[in-house]
Amino acid sequence: MGTALLGSLESGVIFAIMALGVYLTFRILDFPDLTVDGSFTTGGAVAAVLIVNGYSPFLGTIAAVIAGIIFGALTGILHTKGKINALLSGILSMIALYSINLRIMGKANIGLLGEDTLLTQVQTAGSGFGEWLSKYSIVLFVIVLVILIKLVVDWFLDTEVGLALRATGNNARMIRSFSTNTDNTIILGVALSNGLVALSGALMAQYQGFSDVSMGIGMIIIGLASVIIGEAIFGDRSIRRATLAVIGGAIIYRLVVALALRVGLSPSDMKLMTALIVIIALIAPMMINNWKDKKKKAARRKQSASEMNAHLEGGKNNA
Amino acid sequence: MLKLKDINKIFNEGTVDEKIALDDIQLELKKGDFVTIIGSNGAGKSTLMNIISGVLTPDEGSVEIDDQVVNNLKEFQRAPLIGRVFQDPMAGTAPAMTIEENLAMAYSRDKKRGLRKGVTKERRLLFKESLESLHLGLENRLTAKVGLLSGGERQALSLLMATFTKPKVLLLDEHTAALDPSRAALITDLTREIVERSGLTTLMVTHNMQQAIDLGNRLIMMDKGRIILDVDPEQKKTLTIERLLKEFERIRGEKFASDRAVLG
């Protein structure tokens with residue numbers, strides 16, 4: 001496997017964790033949560049600061065998840081208790097987090113090169129088992145991690161609380177009449193989602209060797225692109241299927257980006273490309289359906305016209 | 001079982017749009033009572049349902065369910081005591097979720113939700129058994145998404161879900177009004193069957209006078225936020241649409257006469 005391909009696979013799988021978080025809010029809760037752009041960076045910031053200050057990378061990563069959960073919960077509280085529109089509460093959190101992230105890091109960028117991170121530890125452990133495992137240790141680690149997360153998400157969404165969470169996004173009025181406090185389910189869902197996003201950010205910082213205050217910009221769109229591409233290609237019949245599709249979507253998105261870079265687009269074009277991918281992915285299914293419909297109708301009209309002709313000619317012959 | 005005392009509710013109070021929705025409502029249902037409510041649009045029927053279920057809070061007065069004052073409980077907090085079916089067949093179920101998942105949510109209504117699986121093997125058997133009582137074959141479609149069901153099937157499922165945990169009070173809010181006549185008849189039959197089997201204390205709003213007469217043991221007519229007629233079980237047995245209309249005209253007429261007397 002080429003290094004470039006391996007690299008996109010590794011980062012794609014790390015982004016998939018974030019995409020699962022976006023799936024929880026965007027699809028399950030029907031809550032377009034823009035906190036993601038801020039909480040992704042928060043994850044990277046918390047992990048980086050703790051790691052350079054000598055804490056274990058494992059602890060740093062856990063702390064990042066907790067920070068993500070807290071800020072996600074705050075967005076949920078703004079929306080449910082403060083009655084602020086969902087989009088706006090996400091934007092408010094995202095903006096506030098920009099300053100908070102700078103506070104956490106103390107500066108705009110923290111380098112992790114030469115530091116012990118979760119991923120360097122994995123690589124060191126892998127290199128003990130020969131060259132092959134050394135090369136693929138990171139990708140294997142993140143794949144196992146993302147599959148574990150997927151299984152936990154699948155399990156959670158099938159529990160009694162998980163069902164109530166799904167119903168909150170599907171028919172809030174109904175689940176309230178079945179004694180669920182939808183404020184709580186929304187806060188819980190947005191919190192868990194941002195926990196996953198922060199985990200993804202923490203891993204990304206350790207993977208790329210630095211945490212940057214702007215590393216989260218555009219993350220929500222990448223997450224959406226992953227969800228939409230994944231569902232379009234792999235389907236979303238059941239929760240299990242959809243979570244798998246989201247992971248696949250994130251990896252495919254990363255591969256497409258790598259391909260675009262190879263044909264000469266610059267990294268600064270990527271945000272535009274992502275926006276275009278999402279626009280196409282949103283519009284294309286509708287256009288394809290329209291086109292199929294028209295074709296079907298045209299065929300039916302043609303058939304009935306020829307039947308009519310045959311009937312008329314039959315009439316002539318009889319006469 | 002259900003006691004409403006001095007309930008008043010005014011919308012847009014103090015503005016030109018002020019509307020007295022409920023005017024000093026007194027109503028008491030005994031355990032097992034099945035009361036049908038009729039009345040024209042704007043009579044306050046739906047407001048009454050929303051005040052019992054906690055969607056709206058009354059300006060004055062108290063709501064008691066099973067000797068417990070529930071005034072300060074929010075909708076989701078009262079929900080363990082109350083089952084409700086809405087007019088819109090889409091309103092009572094979650095369309096993107098399966099039949100068994102919907103039933104699992106109904107099953108958890110009066111229990112604390114935890115991290116147990118929502119649909120277990122034992123529960124699935126229970127769901128199957130209760131779906132059989134609907135005679136719609138839904139017991140063979142446990143894993144079908146509810147959004148795929150027809151309006152009648154969805155409303156039958158809503159009814160089953162609302163009554164699954166045998167609530168203290170069942171509220172039916174014109175729950176057959178959005179269905180075609182044959183489906184409406186089916187849901188009416190199911191309603192009678194389920195309410196009788198579990199002896200549920202029921203309050204049903206309807207626009208259909210025949211249905212209001214056929215179902216239940218007591219009939220209430222509302223007008224302009226007041227209860228203007230209360231037909232007791234003895235009288236209700238011999239009630240017909242004509243007599244109901246005549247009664248309505250008599251009350252309205254009397255009122256009219258008294259207004260004229262005052263103005264006179």
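Mentor: pLDDT is the predictor's confidence in each residue, on a scale from 0 to 100. Chain B of this predicted model averages a pLDDT of 91, and 96% of the residues score at least 70. As the model is predicted, local features need pLDDT of at least 70 and side-chain atom pairs count only at pLDDT 80 or more, while totals for chains, interfaces and linings use all residues. Residues are numbered from 1 along each chain as its sequence is written, and chains are lettered from A and ligands numbered from 1 in the order in which they are written.

Trainee: Why is I77(A) called partly exposed?

Mentor: A residue is buried if 20 or more other C-beta atoms, placed from the backbone, lie within 10 Å of its own, exposed if 12 or fewer, and partly exposed in between. I77(A) has 17 C-beta neighbours inside 10 Å, so it counts as partly exposed. I77(A) lies in helix 3 (residues 57-80) of chain A. By the burial criterion, buried residues make up 48% of the 319 residues in chain A.

Trainee: What is I77(A) in contact with, leaving aside its neighbours within four places in sequence?

Mentor: Contact requires C-beta atoms, placed from the backbone, within 7 Å. On that basis I77(A) is in contact with G82(A) and I187(A). I77(A) and I186(A), 109 residues apart in sequence, are 8.5 Å apart in space, C-alpha to C-alpha.

Trainee: How many helices and strands does chain A have?

Mentor: Helices (H or I, at least four residues) and strands (E, at least two) are DSSP runs, numbered from the N terminus. Chain A has 12 helices and 2 strands.

Trainee: Which residues touch the most other members of the largest nonpolar core?

Mentor: Such a core is a set of buried Ala, Val, Leu, Ile, Met, Phe, Trp, Tyr and Cys residues joined through C-beta atoms within 7 Å. Among its 157 residues, A16(A), A19(A), Y23(A) and V246(A) touch the most other members. Beyond four places in sequence, the residues that V246(A) touches include L20(A), S226(A) and G230(A).

Trainee: What makes strand 2 (19-29) and strand 5 (68-69) of chain B edge strands?

Mentor: Two strands pair if DSSP finds at least two bridges between them. The open sheet of 4 strands in chain B has the order 2-1-4-5, with antiparallel pairing. Strand 2 and strand 5 of chain B each pair on one side only. Strand 4 (residues 60-65) of chain B is joined to strand 5 of chain B by 2 bridges, and I65(B) has Q68(B) as its bridge partner.

Trainee: In which sense do strand 6 and strand 7 (residues 169-173) of chain B pair, parallel or antiparallel?

Mentor: They pair in the parallel sense, over 4 bridges. R84(B) stands opposite L171(B) in strand 7 of chain B. From strand 6 (residues 82-85) of chain B, I82(B) and R84(B) point one way and G83(B) and V85(B) the other, and all are buried.

Trainee: How many residues of chain B are in contact with chain A?

Mentor: 24 residues of chain B are in contact with 19 residues of chain A. Helix 3 of chain B contributes the largest share of the side of chain B that touches chain A, 4 residues.

Terms used
Contact = placed C-beta atoms within 7 Å.
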